[in-house]
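Come along and look at it with me.

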Amino acid sequence: MSAVRVCTEHLEPGMVLWANVSGMDGGVLLGKGAPLSAQDIGLLAEADIPWVHVQRESIADPREWEERTCLEYVRRFFVFVNPDEPFFIQLFRVAVRRVLDARRHGFDLRCADEIQARNVEHMSDVFFRNDLTVDKLVLHETQLASFPDIYFKLKQVIEEPNSSAREIAQVVGSDVGLAGRLLKLVNSPFYGLASRVDSIERAVSLVGSQELSTLALGITTINFFKDIPPELVDMRVFWRHSLSCAVFCKLLADYGGLPRERMFIAGLLHDAGRLLLFKDLPYASVQAMLYARSNMLPLPDAEQDVFGFTHAQVGQRLLAEWNFPEAIVAAVGHHHDAALTPDSAEAATVQLADILANTAEISAGGVYVVPGCSSEAVASVGLPLADITKVLAAHDAAIDELVKALL
Amino acid sequence: MSLLSGSLTLRSAPKVTPEEFTALREFIYGLTGIDIPAQRQYLIENRLGPRLGELHIPSFGEYLKYLKFSREKDAELKQLFELITTNETSLFRDTKQLEVVRDKLLAPLLESLEKSGKKELRIWSAGCSSGEEPYTLAIMLHELLRVKLMSWRIDIMAHDLSPAMIAKAQAGVYGEYSFKTTPPDILDRYFTKRPEGFEIKANVKRLVRFATLNLNDQAAVKALPRSHIVFCRNVIIYFDTEMKKKVLSGFYDNLVPGGHLVLGHAETIHGVSRVFTPVHHPGGIVYKREG
């Protein structure tokens, strides 16, 4: 006999509890050994018990049950997308297979009731909601704190097309941490350089000066937002998602003939606006996240309700204030509504990359629904349906090492 | 046969046509004031689709007819409300804001009422969800007044659109999750441990009257007795400007002069209503109806 963990919403009459379930008062709510009735299952739901262990042998057709519940589970993440769009149908199928696979390798589904509660009562927001605008929020930040010197030196290098590899190497080399991460990045198999690169100067000549400087800018930004309270948001999860998106951006860039490094950085910084919201509106940010999760809404929709604007708008304004290349600024600003921009290939690429990153996270316990995307935006990226699996596999192969290298 | 061997489709509900969506949207708006933006069309399909299946209704157009003309329409409307409204009181528990309410609103108000010899207090919890808010207020009053409470007439009116939420509120039984920020001594004094959770004690329960109420029903709102404080947290977030205005003017009329309105932490009436005076306290803003 063996035990299997079952979410309360996936229980079926006839299943047999593996162990006693205790009630709130410490007594036995339901005893092990007897088949569950519909009323018993109702009682467990009433008592807010998210999951129980049942005897595997008591599941009538375990394979069918497993597939059906995985299907139901993944469907919850796709309530917001166009169910007739072939891209999303394909993505859905891929996601179901991934969850099924992960589950057979020990991944436990996140049950409907398992909403993490965090105590955030000690946080206070810098702004009153009354008079908050994107401008105020961003200017408060950029006037208050300045970017490290290296950022401006890098900017100079980028703006001066004749900078030599040696000059760039000198700038980057002045920040040992930055140089180390850059080398790890370009040496990762994901980067696919033929030979090992052991100096920044060599990296510049192989990757290109503009490209390498753009990468350096992006990595500097990660450092800039180090002081977000960990109980507010798990920064590793945040950056892992950003890095996932960056990887997908770079992979998708090839289909549309877009510059890879630039897309990589646009992906890495696509949620930069959220960082600013965490910093200055921690309490309201948590409300927006909980609101999104409990209502299965995409985050920008929840933010629109709570703040009156979205993290995409904040990110756009912030990166513009920091003089990031315009293409990156526009792509970040429209990564949830790419179709609304005139020159939208880049924004659409980030949007799709974000969706792929969200999909990849479902089988790793992600909690956010897959945001929608217009059919025009999907089409403009040029990713063939047949390549979705391939792109996801390429991402999976690269992500862990990149997380180690950069975070 | 494996479910995955066939071609898996993503669509699980009938398609709503643009005309049906507009008609449904207008119908729901007219009834509840809740506006469903166009980009939530798929969400509506997904939330209501299974209900259509249960009723063996083939399309959203037919479903709308059923909502309007069927003999079961009243019962069906309740089902519809369940599906389109969301409930997250426990997630939005905002203790800092409640401290402001206790220290800056309730305590001075009780004192001035007592001085004037009118020991009558009414609070309206408009949008009480599963009851945590009105019960928290009732507990606060117990804590502030202690034995003196007996000489007071206290009435907490608590309303919600959803009958299921009102039933849950009336039962007054909460899981562990609801108590993440509750001090243990409060839990001991005001709750009884039961197998299915913690049940609120009768001396708290009797201060609160629960009922279903649609904030869009102006006649019903007008008929309510007047209150010293109105709570409406995380409800108007669902409304468009037009509806917000309507609801806020209902609150204004309900408040006694000098009374206060409390909204959710992240909510604002900026640009919607000028009749209230915002009063800033560290921890939250409350809105005053001038005397």
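Here are my entries, taken one topic at a time.

**Entry 1: what kind of model.** I noted at the start that this is a predicted model.

**Entry 2: domains of chain A.** I looked up how chain A is divided, and found domain 1 (1-60) and domain 2 (129-146 + 225-406). Domain 2 is written as two stretches, 129-146 and 225-406. I then asked how many Å separate the centres of domain 1 and domain 2 of chain A. Taken over C-alpha atoms, the separation is 39 Å.

**Entry 3: a helix pair in chain A.** Next I turned to helix α10 (residues 235-256) and helix α19 (residues 388-406) of chain A, whose axes come within 9 Å and cross at roughly 135°. That angle makes α10(A) oblique to α19(A). I also wrote down that α10(A) passes α19(A) in a right-handed crossing. Who makes the contact? On the side of α10(A) I listed Arg236(A), Arg240(A), Leu243(A), Ser244(A), Val247(A), Phe248(A), Leu251(A) and Tyr255(A). From α19(A) come, among them, Lys390(A), Val391(A), His395(A), Ile399(A), Asp400(A) and Leu406(A). Sorted by class, this contact of α10(A) with α19(A) has 12 nonpolar, 2 polar and 4 charged residues.

**Entry 4: a helix pair in chain B.** I moved to chain B and picked helix α2 (residues 41-55) and helix α4 (residues 73-84), whose axes come within 10 Å. How are α2(B) and α4(B) set, roughly parallel or roughly antiparallel to each other? They cross at roughly 150°, and angles over 145 degrees count as roughly antiparallel, so α2(B) and α4(B) are roughly antiparallel to each other. The crossing of α2(B) and α4(B) is right-handed. I noted that α2(B) brings Ile44(B), Arg47(B), Leu48(B), Arg51(B) and Leu55(B) to the contact, while α4(B) brings Glu76(B), Gln79(B), Leu80(B), Leu83(B) and Ile84(B). By class, I have 6 nonpolar, 1 polar and 3 charged residues for the contact of α2(B) with α4(B).

**Entry 5: a sheet in chain B.** My last stop was an open sheet of 3 strands in chain B, with the order β3-β5-β4 and antiparallel pairing. Why do β3 (173-174) and β4 (191-194) of chain B stand at the edges? Each has a single partner strand, so one side of each is left without a neighbour in the sheet. I followed β3(B) to strand β5 (residues 197-200) of chain B: 2 bridges join them, and they run antiparallel. For Val173(B), I found that the bridge partner in β5(B) is Glu199(B).

Methods: Residues are numbered from 1 along each chain as its sequence is written. Chains are lettered from A and ligands numbered from 1 in the order in which they are written. This is a predicted model: local features need pLDDT of at least 70, side-chain atom pairs count only at pLDDT 80 or more; totals for chains, interfaces and linings use all residues. Side-chain values use heavy atoms; hydrogens and water are left out. Axes are lines fitted to C-alpha atoms, for helices over the stretch in contact, and angles run from 0 to 180 degrees between N-to-C directions. Helices (H or I, at least four residues) and strands (E, at least two) are DSSP runs, numbered from the N terminus. Angles under 35 degrees count as roughly parallel, over 145 as roughly antiparallel, 65 to 115 as roughly perpendicular and the rest as oblique. A crossing is left-handed if the near helix is turned anticlockwise from the far one by less than a right angle, and right-handed if clockwise. Contact means heavy atoms within 4.5 Å. Ala, Val, Leu, Ile, Met, Phe, Trp, Tyr, Cys and Pro count as nonpolar, Asp, Glu, Lys and Arg as charged, and the others, Gly among them, as polar. Domain bounds come from an automatic or database domain assignment. Two strands pair if DSSP finds at least two bridges between them.
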